[in-house]
Amino acid sequence: MSSHSPHGQSSLRTVQVLGGGNAGSSAHVRSLTAGLVARGVRVTVCAPIDADDTYDFRGAGAEHVHVPRSSDPGSVAALRAACTDADLVHAHGLHASFRAVLALSGRRTPLVVTWHNRAHAEGARAHLLRLLERRVARTATVVLGTTSDLVDRARRTGARDARLAAVALPRRRPGEGPQEECEQPLPKLRAELGAIGRPLLVAVGSLDRHRGHDLLLDASHAWRELDPAPLAVIAGEGPQRAELQRRIEDEELPVRLVGLRDDVSELLAAADLALLPGGGESRSVLAQEALHARVPLVATLTGGVRELVGDAAELVPRGDARAFGAAVVRLLGDPERAGRLRDSGTRQAATWPTEDETVAQVLSVYDELTQPRPMI
């Protein structure tokens, strides 16, 4: 596949547009940037400055342009200027895609958008999100969905061309080493969390309603009666923190909120089970990291999760706290079943696309949209 423009012009120039609020999409853009640059593509990443601080797009060989998360005229103008002379623009996530649609208005620059997850909102804001989805889907040249559900949604919303995207879980960069290199030994980490002599359950995600932490708290009543009672820790921050903390204290639940963590891989390595209670996950980073780490996973059943993990996890009906709690209790009491899930998780993870395969698919889309078509 070519990464160069025709007729001796300079190499293909792409602009990657990122809102910067989603860890999975940010890590994907960093990985994609490194792969594209290695293949001779010039990359500009338009994202908030804190996203570059965290993911080091410039370290991957890209130019970084600070574009705030908002879609105000100033942000759109900055993005429009950054997209001048771009051969193709690739936006990630609904809000970044909408900014790209506004910035490219009146231009013929091909626009690729990747939907990593379905956007969530309630009330009037949910109606606004549906309008944004429709505008983006109908304007984009190609919509890439990370799950079949997202591809189907794009088509129902009016996408002219919607395709399933290969999206790899990026390898860790230097300084984010594997668990055996972490400074804090796992027993010490378990002690810090208060999980010595008791099972440790780990959930990760922003403290937003769609993440399903309410369901996790409901389900914890099922394992509260075990001896010793397992401890569930939730890593993340968000608007539900005060409400969740109040419930934990009032109901005396074996759950602890540990805030934002930069050692999620170590938390998983120390865990007996990983928990994914939300019903809105598509290509869950937690699910991927759990299977890679050989940690048994209990997850809410959605199309995206089933497509990702297959039979390598305990999947329970969406919104069923009783079933979720029962699955946790059952798995903790069945070491043989847990061992089978570890093995099947390793096999399932081996079927996922690699970073090279992800870059190759994206580059093939870029070439398709930018290479001149022969005259017939």
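Which side chains meet in a salt bridge at 2.7 Å, N to O? They are those of Glu368 and Arg163, where a salt bridge is a side-chain nitrogen of Lys or Arg within 4 Å of a carboxyl oxygen of Asp or Glu. This pair links distant parts of the chain, with Glu368 in helix α15 (residues 355-370) and Arg163 in strand β7 (residues 162-164), 205 residues apart. Helices (H or I, at least four residues) and strands (E, at least two) are DSSP runs numbered from the N terminus.

Before going further, a word on the model. It is a predicted one, in which local features need pLDDT of at least 70 and side-chain atom pairs count only at pLDDT 80 or more, while totals for chains, interfaces and linings use all residues. Residues are numbered from 1 along each chain as its sequence is written, and side-chain values use heavy atoms, leaving out hydrogens and water.

Let us step back to the whole chain. The protein chain has 15 helices and 13 strands. Its radius of gyration, taken over C-alpha atoms, is 22 Å, close to the 21 Å that the globule rule gives for 376 residues, so the chain is as compact as a globular protein of that length; the rule is 2.2 Å times the number of residues to the power 0.38. Buried residues make up 51% of the 376, where buried means under 20% relative accessible area, exposed over 50%, and partly exposed in between (1.4 Å probe, protein chains only). Among contacts (heavy atoms within 4.5 Å) between residues at least 6 apart in sequence, 65% join residues at least 24 apart.

Now to helix α4, which is mostly covered, with eight of its ten residues buried. Its buried residues pack against β1 (13-18), α3 (73-82), β4 (88-92), β5 (111-115) and α5 (124-139). Arg99 sits in this helix, which spans residues 94-103.

Arg108 is in the loop between α4 and β5, and at 84% relative accessibility Arg108 counts as exposed. Back in helix α1 (residues 23-38) we find His28, which is buried, with a relative accessible area of 4%. Beyond its neighbours within four places in sequence, His28 is in contact with His92, His116, Val167, Pro170 and Thr358.

Side chains of opposite charge can pair when their charged atoms come close. The count here comes to 21 salt bridges. One of them joins Glu133 and Arg153, whose closest N and O atoms are 2.9 Å apart. This pair again links distant parts of the chain, from helix α5 to helix α6 (residues 148-157), 20 residues apart. Glu133 is buried at 7% relative accessible area, and Arg153 is buried at 15%.

Another salt bridge brings together Glu243 and Arg209 (3.1 Å, N to O). Glu243 lies in helix α9 (residues 241-250) and Arg209 in the loop between β8 (200-204) and α8 (213-224), so the pair ties together parts that are 34 residues apart in sequence. Salt bridges that share partners join Arg209, Asp214, Asp218, Glu243, Arg247 and Glu251 into one network.
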